[in-house]
Amino acid sequence: MDLLSFYNNSGIAHLEWINLIMIAVGIVFIYLAVTKDYEPLLLVPIGFGVIVGNIPPIQGMPLSVYAEGSVFYYLYLGVMKGIYPPLIFLGIGAMTDFSTMLSNPKLILLGAAAQIGVFLTFIGSLYLGFSPEQAGAIGIIGGADGPTAIFLSSMLAPELLGPIAIAAYSYMALVPVIQPPIMYLLTSKKERVIHMKPPRQVSKKEKIIFPIVAFLICALIAPGSMTLLGMLFFGNLLKESMVTERLANTARNSLIDIVTILLGFSVGASTQAQTFLTSQSILIFVLGAGSFVIATMGGILFAKFMNLFLKEKINPLLGAAGVSAVPDSARVVHAVGLKEDPSNFLLMHAMAPNVAGVIGSAIAAGVLWSALGTF
């Protein structure tokens with residue numbers, strides 16, 4: 001083999017400037033994860049996957065996630081077929097404590113209110129010319145729930161899976177950047193220092209009954225949410241039953257870690273510049289940002305609305321935790337509350353709308369799938 005043949009069969013010969021842009025994006029993701037601690041468990045696998053996915057494959061060699069027969073293709077099947085998201089939900093359920101939500105049920109409404117971002121973005125996407133299926137998949141980005149966004153887009157608009165997944169996880173990672181300005185804009189100093197009443201003690205019986213009853217209600221209302229919420233509440237039952245601790249530990253540790261690695265890397269590797277860097281992808285990012293902002297605003301404004309009728313006022317900051325970026329949104333709410341008043345501890349209270357947002361985004365996805373899908 002002469003040098004010319006060697007060069008022609010190398011990635012360098014086929015490397016385009018748009019691939020270099022995406023490789024730079026992958027490096028930025030890793031930089032943000034390492035130096036800023038922005039969702040490192042997600043951004044490091046995604047970032048490195050973006051780098052891998054933008055090395056030009058050699059013709060005739062199955063190397064990319066889109067080349068049937070390649071190892072990456074089979075790893076990516078878990079994304080395309082919607083296998084990874086329910087397994088993520090199983091792990092989330094096994095590590096989630098619904099006690100605060102059960103002790104103060106009215107905070108569930110904040111998680112529901114935040115879903116306004118999903119449906120307004122759905123309408124906006126339709127107006128901009130996306131098909132109903134594509135609009136539904138784009139709208140769910142507003143829930144700030146990566147697994148839900150991946151699951152719904154794999155069912156409704158698999159051709160948009162890459163940009164939707166990257167947009168959803170990007171905004172999840174940027175919660176500490178995006179949400180605080182909105183909180184300060186929509187709340188006053190007096191509202192931000194409101195102290196919440198300590199939550200009541202929730203019994204073991206309540207914790208065991210809740211995942212069963214909640215699943216039946218949600219699945220009957222929105223059958224399309226059954227896959228995600230079934231795994232979420234199953235994982236929670238493993239945790240709360242106290243008799244399956246080994247299974248719960250596996251779900252919330254080893255299993256969710258393995259699936260997170262596979263999902264993050266596969267999603268990143270699907271972002272080949274030639275198919276990813278399009279005007280449509282950029283528009284999806286813009287719509288996703290708008291959806292996330294509207295969802296945050298919806299939760300905060302609904303908390304302020306509720307305070308018009310409540311004797312015991314809700315700290316409106318809790319409304320920002322209505323998006324389902326668990327637990328980052330709750331941590332951001334807690335941090336902003338502490339900055340205003342060092343004695344105001346909002347983390348446990350913020351977890352109530354935060355986990356309600358997880359349920360709400362899954363129900364929203366189920367409604368959209370039921371209304372738009374034909375599967």
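## Buried or exposed?

A residue is called buried when its relative accessible area is under 20%, exposed when that area is over 50%, and partly exposed in between. With this in hand, let's look around this predicted model.

Take Glu240, which sits in helix H16 (residues 226–240). Its relative accessibility is 6%, so Glu240 counts as buried. Which residues does Glu240 touch, not counting those up to four places away in sequence? They are Thr96, Asp97, Lys204, Lys207 and Ile208.

In soluble globular proteins, nonpolar side chains tend to be buried together. Here, the largest nonpolar core has 102 residues, and Phe98, Leu232, Leu318 and Val333 have the most contacts inside it. Helix H21 (residues 347–372) gives the most to this core: 13 residues.

Leaving aside neighbours within four places in sequence, Phe98 is in contact with Phe210, Leu232, Phe233, Asn236, Val355 and Ile359.

## A covered helix

Helix H12 is mostly covered, with 13 of its 13 residues buried. How far apart are the end C-alpha atoms of helix H12 (residues 161–173)? They are 18 Å apart, which agrees with the 18 Å that its 13 residues should span at 1.5 Å a residue.

Ile209, Ile212, Val213, Leu216, Ile217, Leu220 and Ile221 make a nonpolar surface patch of about 690 Å². One of them, Val213, is found in helix H15 (residues 204–221). Val213 counts as partly exposed because its relative accessibility is 39%.

Definitions and conventions
Residues numbered from 1 in each chain as written. Predicted model: local features only at pLDDT ≥ 70, side-chain atom pairs only at ≥ 80, totals over all residues. Heavy atoms only, no water. Patch = residues over 30% accessible without salt bridge, like charges linked within 9 Å, V, L, I, M, F, W, Y side chains within 5 Å. Areas by Shrake-Rupley, 256 points an atom, 1.4 Å probe, with all protein chains shown as cover. Salt bridge = Lys/Arg side-chain N within 4 Å of Asp/Glu carboxyl O. Helix = DSSP H or I, 4+ residues; strand = E, 2+ residues; numbered from the N terminus. Buried < 20%, exposed > 50% of the residue type's maximum accessible area, 1.4 Å probe, protein only. Expected span 1.5 Å × (residues − 1). Core = buried A, V, L, I, M, F, W, Y, C linked by side-chain atoms within 4.5 Å. Contact = heavy atoms within 4.5 Å.
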